[in-house]
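Hi everyone, thanks for coming.

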Amino acid sequence: MQIQNLKLLNFRNYNQLAVTFDNHLNIIYGKNGSGKTNLVEAIYVLAITRSFRQINDKTLIKSGTNLTKIEGMLNDEFQTTFKIIINNDGKKVKINNNKITRISDYVSKINVVLFNPNDLKMIKDTPSIRRKYLNIGLSQLHIEYLKKLNDYNKLLKIRNAYLKQMYLNGNAMTTYLQVITEKLIDSGLEIYQMRENYLKNLNLYLKDIYKKIALDGDLVVQYDSDYQNKSRKELINLYNKNLKRDLAFGKTNIGIHHDDFHLYLDEYDLKDYGSEGQQKNAVIAWKFSEICIFKKEKNVTPILILDDLLSELDVEKIKNILQFIEQDIQTFITTTEIEKLSFLLKDKNYKKFFISNGLLEEVE
Ligand SMILES: Nc1ncnc2c1ncn2[C@@H]1O[C@H](COP(=O)(O)OP(=O)(O)OP(=O)(O)O)[C@@H](O)[C@H]1O
Ligand SMILES: [Mg+2]
């Protein structure tokens, strides 16, 4: 999968931009604050419909203007065009100029795997951040995932509201609660199975890739879920056992909305024991594993974005990472250190773009 060209209007620090990318390797360089991350962010937003940075879409609109447009063409057999328009009222997405009303019908069409230094959050931050990573990965892989997750969240809301009601007027029906609980469990089990399968698949690649990058240590991801190894019946019992607590809290204490995962390097949790470099290599190994899963499960090669690849890694590790960038993966690498990267890529062909203040030029 390759993005052939990109057009921007009033996106972040870009006024107008039209650029044609290389099908294989694109290097984007420039000083801090020039617009490198903004450019790859535009590609990401075009694919996922949301930024990896803020939740608020309005920050994507160039200050002083009130509408931004991102348009890109995929290099597939139909040359499909994708468009996102964001203004103060919200967001519209289009494929070949046809408006798509449900975001979930759009999201899994352009597949992107992105590494950004902020992704270390995936190790360091809270379980809810880690669940976001699972959700983004899975929703790109399986068109039905987002819908299933929305269904689960709706049931959870209903159950929580009913628990509060029961608590307030003790006479609410427990049979109704039972029905909702079983629905929630069935929906949760579907999500659980998809997540478990996803992490199991990641583990097929993670160890090998990490070893090839960092040259030592066994990296494993471990899923941590209330649903682990439990049958439907056991889960029903578990919810019953927790009913008092649920009523006291007015919310559901058990479920896949508390899921988490941990990355272990030789049995040490990277969150507590890993160095910055080890954490970064682990996250990059995760991203390359995601590419392997895309290839295996969807028979597509996603677009790979490595934002600020060089920072905090020694030359040896960067060299090892670059060896994974195969001919068939369209890759974007951003850096402030073009001499260092050019040296490391000396036998490769690529397009090189220099950015200064939101202006981009291709450099021979
Ligand atoms: N909505 C916006 N309107 C105008 N300018 C913006 C907007 N959002 C961000 N910027 C500007 O974009 C610039 C940051 O761009 P970006 O994050 O792409 O930098 P970068 O080249 O990746 O830098 P670094 O090397 O530090 O990562 C900042 O100067 C910021 O003020
Ligand atoms: Mg940046």
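A crossing is left-handed if the near helix is turned anticlockwise from the far one by less than a right angle, and right-handed if clockwise. With that in mind, α5 and α6 cross in the right-handed sense. Helices here are DSSP runs of H or I with at least four residues, numbered from the N terminus.

Before going on, a word on the source: this is a predicted model, where local features need pLDDT of at least 70 and side-chain atom pairs count only at pLDDT 80 or more, while totals for chains, interfaces and linings use all residues. Residues are numbered from 1 along each chain as its sequence is written, and chains are lettered from A and ligands numbered from 1 in the order in which they are written.

Back to our pair. The axes of α5 (residues 174-214) and α6 (residues 232-241) come within 10 Å and cross at roughly 130°, with axes fitted to C-alpha atoms over the stretch in contact and angles running from 0 to 180 degrees between N-to-C directions.

Which residues of α5 meet α6? They are Thr-181, Glu-182, Ile-185 and Leu-189, and they meet Arg-232, Leu-235, Ile-236 and Tyr-239; contact means C-beta atoms, placed from the backbone, within 7 Å.

Zooming out, the domain assignment, automatic or from a database, gives domain 1 (1-111 + 300-364) and domain 2 (120-298). Their C-alpha centres lie 29 Å apart, and 16 residues of domain 1 contact 19 of domain 2.

Methods: Two residues are in contact if their C-beta atoms, placed from the backbone, lie within 7 Å. Helices (H or I, at least four residues) and strands (E, at least two) are DSSP runs, numbered from the N terminus.
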